[in-house]
2 protein chains.
Amino acid sequence: MSDEITPTYDDLQNLIERLQDGETGAEINALLAELHPADWADIIEELPPKARIQLLRALPVEDAAEVLEYIEDEETVAIADQMALEELAAILDEMAPDAAADLLGDLDPARVEALLAEMDEEDAVRPLLAFPDDTAGGLMVPLPFSLRSDMTVAAALDALRESSPDAELIYYLFVVDQKQRLVGVVSLRRLVVATPETRIATIMDDEVLTVSVLTDQEECGRLLQRYGLMALPVVDESMRLVGFITHDDLVEVVAEEVEEDTLHLGGLSSESEVFDSLGGAIRKRLPWLYVNLGTAFLAASVVSYFEPTIARFAVLAVFQSIVAGQGGNAGTQTLTLMVRGLATQELGLRDAVDLLRRESTIGLMQGTAVGIGVGIVAYLWKGNLLISLILCAAMMGNMVVANTAGVMIPLLLERAGVDPAVASGVFVTALTDICGFTLFLGMATLLLP
Amino acid sequence: MSDEITPTYDDLQNLIERLQDGETGAEINALLAELHPADWADIIEELPPKARIQLLRALPVEDAAEVLEYIEDEETVAIADQMALEELAAILDEMAPDAAADLLGDLDPARVEALLAEMDEEDAVRPLLAFPDDTAGGLMVPLPFSLRSDMTVAAALDALRESSPDAELIYYLFVVDQKQRLVGVVSLRRLVVATPETRIATIMDDEVLTVSVLTDQEECGRLLQRYGLMALPVVDESMRLVGFITHDDLVEVVAEEVEEDTLHLGGLSSESEVFDSLGGAIRKRLPWLYVNLGTAFLAASVVSYFEPTIARFAVLAVFQSIVAGQGGNAGTQTLTLMVRGLATQELGLRDAVDLLRRESTIGLMQGTAVGIGVGIVAYLWKGNLLISLILCAAMMGNMVVANTAGVMIPLLLERAGVDPAVASGVFVTALTDICGFTLFLGMATLLLP
């Protein structure tokens with residue numbers, strides 16, 4: 001057993017540099033041989049196209065297949081496009097069927113048919129192509145093995161011994177009736193500890209959570225997380241068992257879905273990566289900036305309306321951004337909680353009116369705390385009592401607006417079928433800017449002499 | 001098998017309302033009996049304290065224990081505090097040892113000793129109390145079963161049959177030497193399909209990823225996700241196997257860690273929940289608002305410096321927020337990618353100088369695109385060419401600052417040992433506000449007649 005838990009990033013960086021410099025030979029091969037496919041994948045992603053292919057070709061085909069499964073989708077496609085048909089088909093045969101189907105789904109459709117014709121595992125992979133990547137059908141592996149409830153434990157173990165050892169790890173064994181409908185599940189452990197003559201029916205658990213082939217992957221991930229599942233069986237419209245989703249895919253989904261919300265809240269498309277190409281990065285980020293620009297001009301038009309007041313009291317320009325900005329910050333806090341609450345479905349059990357009352361109360365209390373603080377600092381700084389009082393009042397009002405909008409906007413978007421993580425931020429900050437400027441500059445226009 | 005995949009939230013809401021109204025009897029008990037412990041937990045969290053205890057007491061003790069494992073930590077403590085010593089000890093005995101240790105760690109230390117003395121599972125739970133909740137030692141379950149490499153498969157299966165059937169599901173069997181040091185791992189499936197006389201040594205995998213008892217849970221989650229693990233063995237300082245972390249705990253950790261970054265980026269403490277008590281919510285959110293307020297005053301002081309210019313050209317107040325705000329948006333985009341990249345350690349392989357060059361180029365390109373757009377709209381709106389040109393130039397400059405700060409600030413915070421997710425946002429927006437106002441109002445002061 002290697003002493004090292006996992007290579008450090010300095011180790012990997014060092015290997016990458018040596019490979020980039022074109023180093024080959026026994027020493028570097030020995031170092032590479034110790035790595036996990038996930039580490040291989042990291043290294044390959046950093047290399048130029050030609051070096052990638054060379055390195056992959058030097059690997060046994062089953063290792064190359066495993067490494068490809070760990071490489072980002074976009075990069076995998078680029079690598080696949082460089083390979084000859086037979087070479088790629090051989091690798092696809094060694095990949096997990098769900099991963100092979102994902103890759104095929106991203107390739108040129110004309111090439112896909114030729115590849116499938118060349119593959120040995122065509123039968124396992126072709127049915128998966130029918131389902132989108134982000135559904136249970138797209139994530140599942142076709143069922144390699146199932147039991148019948150009238151089997152004995154001894155017969156089940158014999159059947160298991162005969163089944164292909166290449167199949168993915170089985171921790172749950174699914175039990176089907178003669179029509180291939182799922183009737184229960186038994187853990188391998190339970191099978192092993194049971195006496196050989198026991199009937200499967202007596203040790204199986206007949207309460208099984210299932211998903212349909214078209215269930216969204218987000219829902220699959222939620223079930224995994226909520227119920228602590230290790231694998232999720234997938235059934236077709238006749239309730240026949242057609243495959244199951246393995247736990248590593250589900251963990252990816254759970255992480256991806258939270259990550260997607262994080263990126264959306266940061267004003268980014270869900271597929272954004274730190275290392276997108278320059279053009280790709282700008283294509284993904286610029287549209288959001290333009291959307292925000294639109295709302296910024298809306299808010300600016302409010303300020304413009306009050307230009308005559310600002311011309312008389314330029315000090316208003318000093319404070320206007322504080323009112324708008326603090327509203328935006330408070331609204332973003334509420335919004336972030338709401339988006340996460342909606343994503344984990346924790347909010348489903350609560351009443352919207354309750355939430356609204358709660359958050360507007362928090363807004364009022366925070367608005368008072370922040371408003372008084374701002375008012376005092378502004379008075380000590382500029383010495384104008386009336387402006388300080390207006391500032392305090394506008395801040396209180398805008399914080400109530402912020403927290404109310406932070407609740408309402410995600411709920412309304414969700415009801416309208418729009419992902420609240422994507423669009424809520426723009427609306428909330430637009431509202432807090434507009435209300436902040438209107439309240440502060442409006443009161444100033446009315447009240448200042 | 002039930003037809004229903006999982007109860008809908010309307011179903012749960014309905015049950016909660018009926019229980020809140022004090023309904024008891026056979027019908028509601030039948031409905032409750034069908035639920036998964038995770039659903040029970042949701043229902044119990046919504047009930048008043050007295051109803052909670054009643055409902056839990058009506059359950060068999062092993063069911064009550066499982067339900068408690070799904071309830072939020074804070075609520076579990078409140079429930080435990082209401083229970084008698086013997087009652088609670090009996091439930092703790094039925095909980096997974098890591099969950100029991102988590103709960104005990106949150107209780108009054110004086111009570112913990114009395115509870116442990118009352119418990120049958122004291123020996124399994126007490127060693128876990130030595131480790132913080134968020135380390136591998138706090139997450140692990142003590143090892144229920146291990147194999148020796150010189151055993152035959154038949155002997156291993158016999159030993160497995162004799163081991164407690166109550167132990168947590170075993171998907172990997174760990175192999176130790178005579179000093180209890182981990183030497184390999186064999187999957188149950190491999191054991192089952194091997195011929196009975198095979199030696200464990202010949203079928204075990206001797207490359208095992210391990211973590212130490214004090215490894216941070218974030219690192220454990222990262223290993224799970226990166227290498228697609230199902231369980232993670234935990235060793236002590238002498239490399240002896242002391243336990244393992246099960247996959248459901250690791251999934252929770254993966255989700256928690258991404259979620260924590262999301263909340264931090266939204267300006268919230270990591271433990272924030274939509275349903276914190278009013279006081280709790282304000283205690284967690286208000287400090288962040290005050291921190292932001294500090295930076296807002298800093299930016300305001302920049303505006304204040306240019307008050308004379310604004311008094312002459314009030315229209316500057318209309319555009320100043322657009323420059324600052326767009327800078328903040330662009331900086332947040334870069335920042336969000338950086339924080340996620342640092343968390344997943346993808347950034348470890350890249351050069352800071354490379355990143356900086358990349359992001360400042362993106363900043364310049366986006367600044368040009370946005371700046372020209374803003375300049376044109378401003379000119380069409382206000383008809384002042386010089387101000388429009390100043391606006392365009394300031395926007396370009398601030399976008400470069402934004403993207404540079406979005407890279408540098410998280411990297412510097414990380415190097416200083418501060419979680420970049422927590423503090424980056426404040427610094428980035430402070431910088432983009434200050435630079436935005438300085439560039440725009442400064443150029444206006446210098447160039448306007």
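**Domains and chains: a dialogue**

Trainee: What area is buried between domain 2 of chain A and domain 3 of chain A, and what share of that area do carbon and sulfur atoms give?
Mentor: Buried area here is the accessible area, found with a 1.4 Å probe, that two parts lose on being put together, summed over both. For domain 2 of chain A and domain 3 of chain A this area is about 750 Å², and the share given by carbon and sulfur atoms is 56%.

Trainee: What kind of model is this, and how are its residues, chains and atoms treated?
Mentor: Residues are numbered from 1 along each chain as its sequence is written, chains are lettered from A and ligands numbered from 1 in the order in which they are written, and side-chain values use heavy atoms, with hydrogens and water left out. Local features need pLDDT of at least 70, side-chain atom pairs count only at pLDDT 80 or more, and totals for chains, interfaces and linings use all residues, for this is a predicted model.

Trainee: Where do the domains of chain A lie, and how far apart are the C-alpha centres of domain 2 and domain 3?
Mentor: The bounds come from an automatic or database domain assignment, which gives domain 1 as 9–130, domain 2 as 141–265 and domain 3 as 278–447 of chain A. Contact, meaning heavy atoms within 4.5 Å, takes eight residues from domain 2 of chain A and 10 residues from domain 3 of chain A. The C-alpha centres of domain 2 and domain 3 of chain A are separated by 48 Å.

Trainee: Which three residues supply more than any other three of the area that domain 2 of chain A buries against domain 3 of chain A?
Mentor: Together these residues supply 65% of the area that domain 2 of chain A buries against domain 3 of chain A. They are A:Asp261, A:His264 and A:Leu265.

Trainee: How many salt bridges are there between domain 2 of chain A and domain 3 of chain A?
Mentor: A salt bridge is a side-chain nitrogen of Lys or Arg within 4 Å of a carboxyl oxygen of Asp or Glu. Between domain 2 of chain A and domain 3 of chain A, the count of such salt bridges is zero.

Trainee: Which element gives the largest share of the side of domain 2 of chain A that touches domain 3 of chain A?
Mentor: Helices (H or I, at least four residues) and strands (E, at least two) are DSSP runs, numbered from the N terminus. Two or more residues of this side come from each of helix 15 (217–227) and helix 16 (247–265) of chain A. The largest share, five residues, comes from helix 16 of chain A.

Trainee: How many residues of chain A are in contact with chain B, and what area do the two chains bury between them?
Mentor: In this interface, 132 residues of chain A are in contact with 132 residues of chain B. The area that chain A and chain B bury, 64% of it on carbon and sulfur atoms, is about 11,600 Å².

Trainee: Which residue of chain B meets A:Arg285 in a salt bridge?
Mentor: Between chain A and chain B the count is four salt bridges. In one of them, at 2.8 Å from N to O, the side chain of A:Arg285 meets that of B:Glu359.

Trainee: What rotation superposes chain A on chain B, and what relation is that?
Mentor: Copies are superposed by least squares on the C-alpha atoms of residues with pLDDT of at least 70 in both. For chain A on chain B the rotation is 180°, with 0.0 Å of shift along its axis and an RMSD of 0.1 Å. That is the relation of a two-fold axis.
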